[in-house]
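Colleague: I would like to learn how to read packing and pairing from a set of coordinates. Could we go through one case together, feature by feature?

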Amino acid sequence: MGEVLSSAHVHTTFCDGKSTAEELAVRACELGFVSLGFTSHAPQTFDEAHCINPSRESDYKKEIRKIQQDYKGKMAVYLGIERDLFSCSSPEDYDFFIASVHYFMKPDGSYVGVDGAAEELQKYIDEYCGGSGLEMAKQYFSLFRDYVLDFKPAIIGHFDLLRYNNSILHLYDEESLAYRKMALDALRDMYETNAFLEVNTGGVARGYMKDPYPAPFLLKEWKEWGGEVIINSDCHDAKLLDAGYSQAKDILLSLGYDHVVRLSANPQEGMWEQVGVF
């Protein structure tokens, strides 16, 4: 089976990661990675413990650019960012960015996490979704769809992240036609932007999900549309840099995929390249 040997989604101590950028680069080389994309959480004006402090964004850029130079000839390094819908940071000046939605904004301007404390999300659903988990899902996919269409990111990050709290709260039936239709309708519109759909193994690596994001039914339809996928670890700890990759590849193979996209080993030839997973 082909090896991915790359991740375009890793977090450092500039945000909520446990490992420094250098530690991640060292581990990537130990694993034989041909490329690595740093994507710390972009600055935002709330929940600041989980993102780059706005005053340190320039330091983050300088650090990754330095590592990019230090590892030239050993491994291709890229400066990226994971930008949430409600980030205050521009994706400009980065090699690429991942679009993600981690929050809902309440009418009073405060925020609640999609994958945050389950009890807080339940309160949001009770107060602003009429107690319906399916209505919460509808809001989530609508926000995500509009964000991707407006900003046109390189990568759609953990598309169905709301599955995390659904596994705890049982908010809606993931097998229902209503849920699947709203997810697929949003994803179909996103497909038109030519973004890559991320197969995210972070939840599996950290032990709170059995399967990667997104669910297989979404990956199946994405392939039928002709969309490209990229396997990423969403790594917050260098020890888990390629955790869950074998499972992700097995799922893709079962759905008929024969290749994935990764960050190119040779930046001079382009930022992205295909690699077989057969």
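Modeller: Let us begin with what contact means here, namely heavy atoms within 4.5 Å. Please keep in mind that this is a predicted model.

Colleague: Which residues of helix 6 meet helix 8 in that sense?

Modeller: In helix 6 they are Tyr179, Arg180, Ala183, Leu184, Leu187, Arg188 and Tyr191, and they meet Phe217, Leu218, Glu221, Trp222 and Trp225 in helix 8. By class, this contact has 9 nonpolar, no polar and 3 charged residues.

Colleague: How is the geometry of such a pair expressed?

Modeller: Two packed helices are described by the angle between their axes and the distance between the axes. Helix 6 (residues 177-191) and helix 8 (residues 216-225) pack at an angle of about 35°, their axes being 11 Å apart, and helix 6 passes helix 8 in a right-handed crossing.

Colleague: At what angle does helix 4 pack with helix 6?

Modeller: Helix 4 (residues 133-151) and helix 6 pack at about 5°, with their axes 9 Å apart. Since angles under 35 degrees count as roughly parallel, that makes helix 4 roughly parallel to helix 6. The contact involves residues of helix 4 including Phe141, Phe144 and Val148, and residues of helix 6 including Tyr179, Met182 and Ala186; its residues divide into 12 nonpolar, no polar and 3 charged.

Colleague: And how should I read a sheet?

Modeller: Strands of a sheet pair through backbone hydrogen bonds, either parallel or antiparallel. Here 7 strands form an open sheet in the order 1-2-3-4-7-8-9, with parallel pairing. Strand 1 (6-10) and strand 9 (229-232) stand at the edges, each with a single partner strand, so one side of each has no neighbour in the sheet. Strand 1 is joined to strand 2 (residues 35-38) by 3 bridges, and Ser7 stands opposite Leu36 in strand 2.

Colleague: Which strands does helix 9 lie across?

Modeller: Helix 9 lies across strand 1, strand 8 (196-200) and strand 9, and runs at about 160° to strand 9.

Terms used. Residues numbered from 1 in each chain as written. Predicted model: local features only at pLDDT ≥ 70, side-chain atom pairs only at ≥ 80, totals over all residues. Heavy atoms only, no water. Axes fitted to C-alpha atoms, helices over the stretch in contact; angles between N-to-C directions. Helix = DSSP H or I, 4+ residues; strand = E, 2+ residues; numbered from the N terminus. Left-handed = near helix turned anticlockwise from the far one by under 90°. Nonpolar A, V, L, I, M, F, W, Y, C, P; charged D, E, K, R; others polar. Parallel < 35°, antiparallel > 145°, perpendicular 65-115°, else oblique. Pairing = 2+ DSSP bridges.
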